[in-house]
Amino acid sequence: MPVAKGYAAAAAKASLAPFTFQRREPNDDDVVIAIRYCGICHSDIHMVDNGWGNSVFPLVPGHEIAGVVTAVGSKVTKFKPGDHVGVGCFVDSCTTCAQRDVDHEQYLPGLVLTYSSFEPGSTTPTYGGYSDSIVVKEGYVLSIPDNLPLDAAAPLLCAGITLYSPLRHWQAGPGKKVAIVGMGGLGHMGVKLAHAMGAEVTVLSQSLAKREDGLKLGASHYYATSDAATFTTLAGQFDLIVCTVSSTIDWNAYLSLLKVDGTFVVVGAPEQPVPVHAFALIPHRRTLAGSMIGSIKETQEMLDFCGEKNIVADIETIAMADVNEAYQRIAASDVRYRFVIDMATLG
Ligand code: NAP
Ligand code: ZN
């Protein structure tokens with residue numbers, strides 16, 4: 001069995017430390033990937049903390065994987081050694097239920113997450129991208145356009161698709177006013193993507209500290225949510241609000257910023273429940289919705305869109321050994337705008 005090196009958390013809230021483990025022997029339909037870069041998603045931190053209560057340890061995080069194909073099984077037709085590829089948040093999904101042909105496999109039972117699930121039919125945990133290699137079924141491998149640098153493309157595999165999917169679903173585009181709440185890893189991708197789709201973009205951030213960056217990325221307006229006046233100035237303004245905040249905030253206040261028939265989409269996943277008042281929704285026929293990553297088909301569509309528009313993440317590349325410090329900085333909202341681990345530093 002191929003031996004892989006990586007970093008793992010041994011138990012909930014443990015620091016990440018070097019970890020050697022085995023990848024599965026490649027099957028006929030598998031692609032073997034040398035991981036070059038892996039983005040750090042805030043979900044990695046929730047999962048290491050077992051904040052959502054479903055983590056499997058030891059836990060090798062990482063679902064923003066960008067690398068190069070090193071070998072393919074005999075039945076693989078879409079990839080060959082040398083190809084630039086990505087792996088996102090899941091590596092297998094339901095193959096039996098009636099909806100299996102619908103392009104929303106991320107919402108079906110039987111989803112196998114890239115880490116913290118179990119290998120199908122086994123008690124071995126799936127291990128993620130903070131490692132030097134991975135073996136993935138062809139159908140779950142994405143093609144990264146050649147014009148995109150692998151390091152800055154890695155965050156597209158989660159942050160990119162998590163914003164692209166709701167922006168497309170709720171038809172962000174010309175004539176639509178879209179607000180992005182939180183200018184972190186997901187949020188900064190939301191600004192770039194919504195702008196590229198032609199929407200008028202507003203950032204709602206805790207302060208104005210990142211205003212200049214937000215405007216450069218494509219926002220037309222930038223407001224501080226710490227200023228109560230923001231909520232009166234912008235009342236009833238938006239067709240769509242996508243909230244990327246990882247902590248509990250008062251969704252009722254943000255719902256008041258929607259127009260009649262506007263939609264507030266939750267993508268940030270706080271660990272505690274958030275109370276919602278009925279009258280934040282009723283008087284303007286507002287919708288409170290959620291969205292989770294995107295299907296494989298939609299993820300490829302997003303990567304091709306980013307290839308055409310030359311969109312990648314703004315990144316800070318770090319060495320593997322600095323991952324614990326990076327987690328602390330993310331928790332303090334001190335990231336501009338995605339940390340990406342350079343796997344050459346794994347040693
Ligand atoms: P991130 O880089 O830490 O960004 C979150 C941003 O939220 C921060 O930069 C900050 O923006 C804002 N924020 C943080 N704490 C806040 C607070 N107490 N009050 C108000 N604003 C606050 O995290 P990320 O990687 O973008 O992930 C964000 C969330 O999305 C996480 O919960 C993650 O698990 C979740 N997620 C969901 C999906 C999905 O499929 N739905 C996929 C990936 C990640 P400002 O400094 O601009 O205020
Ligand atoms: Zn993620």
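How much space lies in the largest pocket?

Modeller: This is a predicted model, in which local features need pLDDT of at least 70 and side-chain atom pairs count only at pLDDT 80 or more, while totals for chains, interfaces and linings use all residues. Residues are numbered from 1 along each chain as its sequence is written, chains are lettered from A and ligands numbered from 1 in the order in which they are written, and side-chain values use heavy atoms, with hydrogens and water left out.

The largest pocket holds about 1200 Å³ of space. A pocket here is an open set of points, on a 1 Å grid over the protein atoms alone, where a 1.4 Å probe fits, with protein on both sides within 12 Å along at least five of seven lines, and lining residues have an atom within 4 Å of a point; the volume is the space filled by probe spheres set on the points, which are joined across faces, edges and corners.

Its lining has 49 residues, of which His42, His46, Ser246, Gly268 and Ala269 are the closest to the centre. Two or more residues each come from α1 (42-48), α4 (185-196), β11 (200-205), α9 (323-331) and β17 (338-342), where helices (H or I, at least four residues) and strands (E, at least two) are DSSP runs numbered from the N terminus. The largest share, four residues, belongs to α1. By class, the lining of the largest pocket comprises 26 nonpolar, 21 polar and two charged residues, with Ala, Val, Leu, Ile, Met, Phe, Trp, Tyr, Cys and Pro counted as nonpolar, Asp, Glu, Lys and Arg as charged, and the others, Gly among them, as polar.
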